[in-house]
Amino acid sequence: MLPTLSDILSTARVVSLPLTSRFRGIDTREVMLFEGPAGWTEFSPFLEYDDEESSAWLAAAIDFGWTPAPAIFRSSIRVNATLPAVAAQDVAAVLDRFPGCRTIKVKVAEPGQTLADDVARVAAARKYLGPEGRIRLDANGGWNVDEAEHAIHAIAPYDLEYVEQPCPTVDELADIRTRVKYMGMPIAADESVRKSSDPLEVARAKAADLLVIKAQPLGGIRRALDIAAQAGLPVVVSSALETSVGISMGAYLAAAVPELAYDCGLATVSLLASDVTEDSLVPVAGSIDVRRVVPSLALLDAHAADPVRTAWWTARLERCYALLPA
């Protein structure tokens with residue numbers, strides 16, 4: 001049963017947090033936080049998402065704040081560093097914020113950049129990690145099939161773990177997976193899972209070797225676990241540039257996955273210049289703990305969004321709430 005709208009809004013706070021580097025085309029991250037009986041939770045769909053898509057994020061936030069977390073298999077999660085589409089000379093400074101991480105997810109196919117920029121960034125990441133670390137690419141669907149094939153061949157010499165969402169559609173993913181299968185190059189699906197009306201389509205089409213699952217976009221921990229179980233593919237649990245409160249939700253999801261073969265993309269608090277807690281969920285020796293997070297009132301005040309943005313988020317929550325099943 002849903003909590004009332006007034007129950008949610010009674011503790012709701014909207015914050016605007018600066019990023020250390022431009023990421024996904026933004027320099028600040030706005031989120032809404034509120035507290036339920038089970039603890040603090042986060043509602044933070046990106047600004048461009050429509051109400052229908054954003055309502056899944058609200059369902060996840062309510063689930064995490066009003067329902068006890070499911071049984072877990074582990075108390076800490078190995079995490080990967082996330083490298084935005086920065087210049088090669090800035091790679092080391094970014095990666096220093098992810099101590100002990102043995103895996104780097106490198107953003108590629110950034111609008112306005114070239115394949116040469118991607119190659120230089122990956123080369124710098126490999127130099128930073130050394131020969132034994134793991135490098136995975138994330139193109140966010142930025143290539144067509146021919147571009148993806150060309151880019152994968154160009155970057156493969158740097159020893160890639162997998163390539164995430166190289167192309168936007170399921171058909172294109174299936175095509176590129178066929179083209180690079182002889183190379184032993186796994187293809188991961190992210191947007192084709194979390195943005196699809198049918199998140200299992202990519203598995204049925206045999207368009208990916210593994211799935212990236214995220215708690216908020218998929219409607220909560222339990223729904224994400226159900227999708228993973230039905231898909232029958234290995235999963236990587238990842239985040240959506242959340243505060244430590246949102247990352248806590250992702251950590252509980254990762255802890256509840258029975259088999260977790262890949263380091264998880266749950267270290268993105270390190271991309272924020274500020275957080276909502278003094279005890280942030282950032283990597284220590286390459287891992288984060290599985291725990292609830294309580295925001296600091298002082299930090300909530302220090303980073304409070306202005307009244308116009310707070311009103312915008314409140315109206316958004318009300319519209320999304322109206323879309324949820326009773």
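Cys 101 counts as buried, with a relative accessibility of 11%. Keep in mind that this is a predicted model. The disulfide count comes to zero, and the largest pocket holds about 580 Å³ of space.

**Cysteines**
- For Cys 101, the closest cysteine sulfur belongs to Cys 264, and at 11 Å that is too far for a bond. The cut-off for a disulfide is 2.5 Å between the sulfurs.
- Cys 167 is buried too, at 0% relative accessibility.

**Asp 118**
- Asp 118 sits in helix α4, which runs over residues 115-129.
- Leaving out residues up to four places away in sequence, Asp 118 touches Lys 107, Val 108, Ala 109, Gln 113, Trp 143 and Ile 155.

**Largest pocket**
- The volume here is about 580 Å³. The lining takes in 34 residues, with Phe 23, Arg 24, Lys 107, Glu 110 and Asn 140 the closest to the centre.
- Sorted by class, the lining has 14 nonpolar, 11 charged and nine polar residues.

**Second largest pocket**
- This one comes in at about 280 Å³.
- Its lining has 13 residues, and Glu 53, Arg 194, Lys 195, Ser 196 and Ser 197 lie nearest the centre.
- α2 (51-66) and α7 are the elements giving two or more residues to this lining, and α2 gives the most, with three.
- By class, the lining of the second largest pocket splits into six charged, five nonpolar and two polar residues.

Note on methods. Residues are numbered from 1 along each chain as its sequence is written. This is a predicted model: local features need pLDDT of at least 70, side-chain atom pairs count only at pLDDT 80 or more; totals for chains, interfaces and linings use all residues. Side-chain values use heavy atoms; hydrogens and water are left out. Buried means under 20% relative accessible area, exposed over 50%, partly exposed in between (1.4 Å probe, protein chains only). Helices (H or I, at least four residues) and strands (E, at least two) are DSSP runs, numbered from the N terminus. Contact means heavy atoms within 4.5 Å. On a 1 Å grid over the protein atoms alone, a cavity is a set of points where a 1.4 Å probe fits but cannot get out, and a pocket is an open set with protein on both sides within 12 Å along at least five of seven lines; lining residues have an atom within 4 Å of a point. Grid points are joined across faces, edges and corners, and a volume is the space filled by probe spheres set on the points. Ala, Val, Leu, Ile, Met, Phe, Trp, Tyr, Cys and Pro count as nonpolar, Asp, Glu, Lys and Arg as charged, and the others, Gly among them, as polar.
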